[in-house]
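Good morning, and thank you for coming. Please look first at the sequence and the structure on the screen, and then I shall go through them part by part.

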Amino acid sequence: MDDQIGKDVPEHDVKLSPDSELRFEVENKNETVFLELKSGIAEIFGTELVKGKTYTFTTGAKIAVFTWQGCELIIRTKKDTSYIAKETPMMFYLNCHCCLEQLRQKAEQDDSKGPITMIVGPTDVGKSTLSKILLNYAVRMGGLSRRPIFVDLDVGQGHISIPGTVGAMIVERPASVYDGFPQMAPLVYHYGQTSINSNPVLYNTIISRMADLVHQRMESNKKVKASGVIINTMGWIKGKGYQHLTHIAQAFEVSIILVLDQERLYNELVRDMPSFVKVTLLPKSGGVVERTPAVRSEARNFRIREYFYGTPQCQLHPHSFDVKFTDVKIYRIGAPALPDSCMPLGMKSDDYLTKLVAVTPGPSILHHILSVSHATSPDEDVIKSNIAGFVCITNVDTERQLLTVLSPQPKPLPDACLILSDVSFMDNR
């Protein structure tokens, strides 16, 4: 990056003592924060900073720069809202990593599965951040022998793909400060909602399917097998949300559960989990703040925009083109519920929640996301087929019978089933 970037912005020198953290958030639009490591060693969520490199953070960034040994930083910003935290939970998180690494080493020796770890807790306690830290430490300190699987089951945010999906990927290198972990053919499944309460039957179905494939991948690769799995979960932990957590633990054969900042949930899991599952209570970071529904919605929109247009550091250029109504096969997963008296013989009412229903193109699908399935016809098991990518409907011309789509690749669209999502995106570029 050009050394002159940010030189005209007021500069602040920051000295961090060992085991302390510099925290800041970029809230205002058009505001930019420039950060540079001057001396020492520092990291952001487990990703080590390069000395002398200028890092640029824009609207929405929430950053915590931690140092184990002490460091000097240069931060350039027009409005300095950063602060230094002396008390952080990083020592607890490091201890967790060390315990997981010991289990990985034992799994290597025994040719058994490494630790399968599930991170749980209410919304906005730092579950995804802890996932990133543990994954980064695994591949940084385990060298070429570590290939943990990251499983993201939070449909509300979408850390591997976009909101409304669940995903899994093998992590081979530390995450980029900007773009997260390098993604090589992630496994992604369509859910189509941002709340698992919308269709719990579908959610459990794809969770079970993903768990089966994760176990298959572990058996086929020794490094992956010994490295284990890190599972990030949603923030719904009460009632049916708790039932989903127990289903996830059973499907993935979880051996360790890390509970963030929720003593009641910790005690419930200790009571209900088998004796071989180790349940540990951890504190959340003091820098974590609760987000409003508007902020969450904006974050989802930003994540989808990032899918199509990339980041300021790695820009993408999507394609926009017209598609005839007759050239696409659009379906929705889930039909309206019927009374038991109207159900066909032998069919349960829950079966309609996973039924594939054809959708007629029209104004109702404007601005909606469509998942491009690997299934080419409804005769295949579309629900259990993973997703190749996504397109967005930006215009519907009923008179000419044309859809205008925003797509990562040029036309034509693949000859595949398109699955309608309730997740929408307004492309205002």
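**A sheet, its helices and its core**

Let me begin with helix 6, residues 263-272, which lies across strand 10, strand 15 and strand 16 and runs at about 175° to strand 16. Please keep in mind throughout that this is a predicted model. Helix 1, residues 90-110, lies across strand 10, strand 14, strand 15 and strand 16, and its direction is at about 175° to strand 15.

These strands belong to an open sheet of seven, in the order 13-12-11-14-10-15-16, with mixed pairing. Which strands stand at the edges of the sheet? They are strand 13 (187-190) and strand 16 (278-282); each has a single partner strand, so one side of each is left without a neighbour in the sheet. On average, neighbouring strands here are turned by 15° against each other, direction ignored. As a reminder, strands of a sheet pair through backbone hydrogen bonds, either parallel or antiparallel.

Let us take one pair as an example. Strand 11 (residues 149-152) and strand 14 (residues 229-232) run parallel and are joined by four bridges. Within this pair, Val151 has Ile231 of strand 14 as its bridge partner.

Both of these residues return when we turn to the core. The largest nonpolar core has 59 residues, and Val151 and Ile231 are among those with the most contacts inside it, together with Leu153, Tyr203, Met210, Phe252 and Ile257. Helix 3 (residues 200-220) supplies the largest share of this core, eight residues. There is also a second, separate core of 47 residues, which includes Phe45, Leu73, Val125 and Val177. In soluble globular proteins, nonpolar side chains tend to be buried together. What does Ile231 touch, once its neighbours within four places in sequence are left aside? Its contacts include Ile116, Met118, Val151, Leu153 and Phe252.

The axes of helix 1 and helix 2 come within 10 Å and cross at roughly 50°. That angle makes helix 1 oblique to helix 2, and their crossing is right-handed. Helix 1 contributes Met90, Tyr93 and Leu94, among others, to the contact, while the helix 2 side includes Leu130, Ile133 and Tyr137.

Trp68 counts as partly exposed, at 25% relative accessibility. Although Trp68 and Glu21 are 47 residues apart in sequence, their C-alpha atoms are 9.3 Å apart in space.

**Backbone details**

Most residues other than glycine have a negative phi, and most peptide bonds are trans. Asp19, in the loop between strand 1 (11-16) and strand 2 (20-25), has a positive phi of about 65°.

Finally, a cis peptide bond joins Lys411 and Pro412, with omega about 5°. Pro412 lies in the loop between strand 22 (402-407) and strand 23 (417-424). Thank you for your attention.

Notes:
Residues are numbered from 1 along each chain as its sequence is written. This is a predicted model: local features need pLDDT of at least 70, side-chain atom pairs count only at pLDDT 80 or more; totals for chains, interfaces and linings use all residues. Side-chain values use heavy atoms; hydrogens and water are left out. Two strands pair if DSSP finds at least two bridges between them. Helices (H or I, at least four residues) and strands (E, at least two) are DSSP runs, numbered from the N terminus. Axes are lines fitted to C-alpha atoms, for helices over the stretch in contact, and angles run from 0 to 180 degrees between N-to-C directions. Contact means heavy atoms within 4.5 Å. A nonpolar core is a set of buried Ala, Val, Leu, Ile, Met, Phe, Trp, Tyr and Cys residues joined through side-chain atoms within 4.5 Å. Buried means under 20% relative accessible area, exposed over 50%, partly exposed in between (1.4 Å probe, protein chains only). Angles under 35 degrees count as roughly parallel, over 145 as roughly antiparallel, 65 to 115 as roughly perpendicular and the rest as oblique. A crossing is left-handed if the near helix is turned anticlockwise from the far one by less than a right angle, and right-handed if clockwise.
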